Amino acid sequence: MIKNEEILEVFNKRYACKKFSTEKRVAEEDLKTIIESARLSPSSFGLEPWKFLLLRNEKMREDFRKFAWGALNSLNGATEIVILLARKGVTGDSKYFEDNWKNLKKVSDEMFEAVKDKFTKFQEIHLNLLENERTLFDWASKQTYIALGNMMTVAAYLGIDSCAIEGFNKEKVEKYLSDMELLDLDEYGVSVMVSFGYRDEEQPKKIRQLLTEVLEIIE
């Protein structure tokens with residue numbers, strides 16, 4: 001069993017790597033474990049509204065320099081870059097919702113209707129997610145960040161460094177991927193990216209707010 005102090009040690013060693021080694025590469029087995037942690041991640045109503053693109057094509061990685069300024073350090077050395085896509089239009093009436101619950105989870109018609117009703121109220125009344133396409137996409141995008149956090153944590157446990165990437169022109173990245181026939185803009189949008197590799201720099205001192213500043217206990 002992993003001890004508490006061992007868990008915290010891993011988190012203290014994890015940071016947003018800005019300079020990756022071009023010599024040391026992430027093993028395929030380790031990468032599969034990282035990706036699998038994303039696939040197995042939890043999501044709202046278990047809908048898994050995501051897709052992961054593993055960017056290995058050298059020409060495309062070079063092209064990304066034009067519109068992903070936040071990825072430049074990663075493009076200079078990281079072994080892998082993963083693009084996390086968020087699914088669009090996930091509502092109780094969508095085909096994806098029905099396929100997920102009926103064909104994947106194989107629930108009864110009665111159960112499906114109950115979940116659909118609950119999900120619709122959750123989206124429409126409780127969180128006002130149906131106001132426009134962007135609010136609905138942002139909800140799906142939040143789910144991808146759960147997968148993102150799990151990937152980065154698993155990587156840290158494997159001794160692999162990472163860097164979350166939000167510094168990119170969303171419209172240009174999506175158009176590029178669409179032009180390359182890697183992205184159906186009716187189905188998905190780009191949420192966030194993340195790189196994996198090994199550090200080629202000294203880790204900066206980790207500075208965080210005190211626990212007393214971020215935790216309030218309600219008794």
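The entries run from the whole chain to single residues.

**Ground rules.** I am working with a predicted model, in which local features need pLDDT of at least 70 and side-chain atom pairs count only at pLDDT 80 or more, while totals for chains, interfaces and linings use all residues. Residues are numbered from 1 along each chain as its sequence is written, and side-chain values use heavy atoms, with hydrogens and water left out.

**Domains.** I looked up the domain assignment, whose bounds come from an automatic or database source, and it gives domain 1 (15–90 + 133–213) and domain 2 (92–129). Their centres, taken over C-alpha atoms, are separated by 28 Å. To the contact between them (heavy atoms within 4.5 Å), domain 1 gives 12 residues and domain 2 gives 14 residues.

**Helix α8.** I take helices (H or I, at least four residues) and strands (E, at least two) as DSSP runs, numbered from the N terminus. In α8, residues 170–179, I find V173, E174, Y176 and L177 buried, where buried means under 20% relative accessible area, exposed over 50% and partly exposed in between, with a 1.4 Å probe and protein chains only. These four lie on the same side of α8, because they cover an arc of only 160° around the axis, as judged from the directions from the helix axis to the C-beta atoms. The face turned away from that buried side carries the exposed residues E171 and K175. Among the elements covering the buried residues I note β1 (50–54), α3 (58–63), β2 (80–87) and β4 (188–197). After α8 comes E181, which has a positive phi, near 60°.

**Cores.** I define a nonpolar core as a set of buried Ala, Val, Leu, Ile, Met, Phe, Trp, Tyr and Cys residues joined through side-chain atoms within 4.5 Å. The largest holds 20 residues, of which F64, I83, V173, L177 and V190 touch the most other members. The elements giving it two or more residues are β2, α8 and β4. Leaving out residues up to four places away in sequence, V173 touches F64, F67, F168, V190 and M193. A second, separate core has 17 residues, including A38, V82, A147 and M151.

C163 stands opposite S195 in β4. S195 counts as buried because its relative accessibility is 0%. Its side chain joins that of S74 in a polar contact of 2.7 Å; such a contact is a pair of N or O atoms within 3.5 Å, and within protein one must be able to donate a hydrogen and the other to accept it, residues adjacent in sequence counting only if both atoms are side-chain atoms.

**R56.** I end in the loop between β1 and α3, where R56 is found. R56 is partly exposed, with a relative accessible area of 37%. Its contacts, leaving aside neighbours within four places in sequence, are E28, L31, R61 and E80, and its side chain makes a polar contact of 3.0 Å with the side chain of E28.

Methods:
Two strands pair if DSSP finds at least two bridges between them.
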